Amino acid sequence: YFGSCQRAGIASPSAAMAPSWVPCVLSVLIGAWGPVRTVADAPAAKTLAEMLAKIESGEFANNFFDGEVIKKGPKNDEEAVAGCLLDKVGAIVDEGGVANFVNDLQVDLAACCTKGSKDIQAACSNDVSKAYDLLAGVNAGDHGADIA
């Protein structure tokens with residue numbers, strides 16, 4: 001799936017900055033599973049901006065989790081955000097997150113964009129908004145595996 005990401009101008013996973021390829025991987029993987037089957041969080045907001053506002057207001061818990069995937073732990077907020085995003089890729093691939101808990105995946109993906117400075121948060125939001133929109137569409141039943 002990385003060939004389509006590279007054609008879109010997104011670096012491969014071997015690139016030094018992992019966050020730039022994570023949204024592409026998320027987008028590709030989201031199309032591989034169908035609609036939600038279980039929900040633990042309240043219904044996620046339809047847009048990433050709305051979901052971030054709900055987390056910031058306290059309406060939703062901030063489920064930020066760096067995934068413990070960065071060797072020796074994240075050295076800064078950017079690495080923590082990268083780890084959080086990689087954890088969501090793992091949830092999609094290893095746990096069938098889109099098929100089994102797409103709503104919670106939306107909430108958790110949004111939480112990845114709550115760490116660090118406003119610049120880091122804005123960069124994260126810009127990077128993952130398309131993936132969030134795809135999850136929201138699956139969650140709403142608007143489309144399934146053919147979206148990617």
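## Helix H3 against helix H6

In this predicted model, helix H3 spans residues 48–57, and its axis comes within 10 Å of the axis of H6. The two axes cross at roughly 110°. H3 is therefore roughly perpendicular to H6, since angles of 65 to 115 degrees fall in that class.

On the H3 side, the contact involves Leu48, Met51 and Leu52. They meet Ser125, Val128, Ser129 and Tyr132 of H6. By class, the contact of H3 with H6 holds 5 nonpolar residues and 2 polar ones. No charged residue takes part in it.

## Helix H4 against helix H5

H4 and H5 also have axes that come within 10 Å. Their crossing angle is roughly 165°. That angle is over 145 degrees, so H4 and H5 run roughly antiparallel to each other. The crossing of H4 past H5 is right-handed.

H4 contributes Cys84, Leu85, Lys88, Ala91, Ile92 and Glu95 to this contact. H5 contributes Gly97, Val98, Asn100, Phe101, Leu105, Asp108 and Leu109. Sorted by class, the contact of H4 with H5 has 8 nonpolar, 2 polar and 3 charged residues.

## The disulfide of Cys84 and Cys112

The whole structure was searched for disulfides, and 2 were found. One of them is formed by Cys84 and Cys112, with sulfur atoms 2.0 Å apart. This pair links distant parts of the chain, 28 residues apart. Cys84 sits in helix H4, residues 77–95. Cys112 lies in the loop between helix H5 (97–111) and helix H6 (118–140).

The angle about the S-S bond of Cys84 and Cys112 is -80°, and the link is left-handed. Both cysteines, Cys84 and Cys112, are buried. Cys84 also belongs to the contact of H4 with H5.

## The disulfide of Cys113 and Cys124

Cys113 is joined to Cys124 by a disulfide, with an S to S distance of 2.1 Å. Here, too, the pair links distant parts of the chain, with Cys113 and Cys124 11 residues apart. Cys113 is in the loop between H5 and H6. Cys124 is in helix H6.

The torsion about the S-S bond of Cys113 and Cys124 is about -70°, so this disulfide is left-handed. Cys113 is buried, as is Cys124.

## Ser117 in the loop between H5 and H6

The loop between H5 and H6 also holds Ser117. Its relative accessible area is 35%. Buried residues have under 20% and exposed ones over 50%, so Ser117 counts as partly exposed.

Ser117 and Asp77 are 40 residues apart along the chain. Their C-alpha atoms are separated by 8.2 Å.

## The chain as a whole

The protein chain has 6 helices and 0 strands. Along the sequence, the pattern reads α-α-α-α-α-α. The chain has 148 residues, and 41% of them count as buried.

Technical notes:
Residues numbered from 1 in each chain as written. Predicted model: local features only at pLDDT ≥ 70, side-chain atom pairs only at ≥ 80, totals over all residues. Heavy atoms only, no water. Disulfide = S-S within 2.5 Å. Helix = DSSP H or I, 4+ residues; strand = E, 2+ residues; numbered from the N terminus. Buried < 20%, exposed > 50% of the residue type's maximum accessible area, 1.4 Å probe, protein only. Axes fitted to C-alpha atoms, helices over the stretch in contact; angles between N-to-C directions. Parallel < 35°, antiparallel > 145°, perpendicular 65-115°, else oblique. Left-handed = near helix turned anticlockwise from the far one by under 90°. Contact = heavy atoms within 4.5 Å. Nonpolar A, V, L, I, M, F, W, Y, C, P; charged D, E, K, R; others polar.
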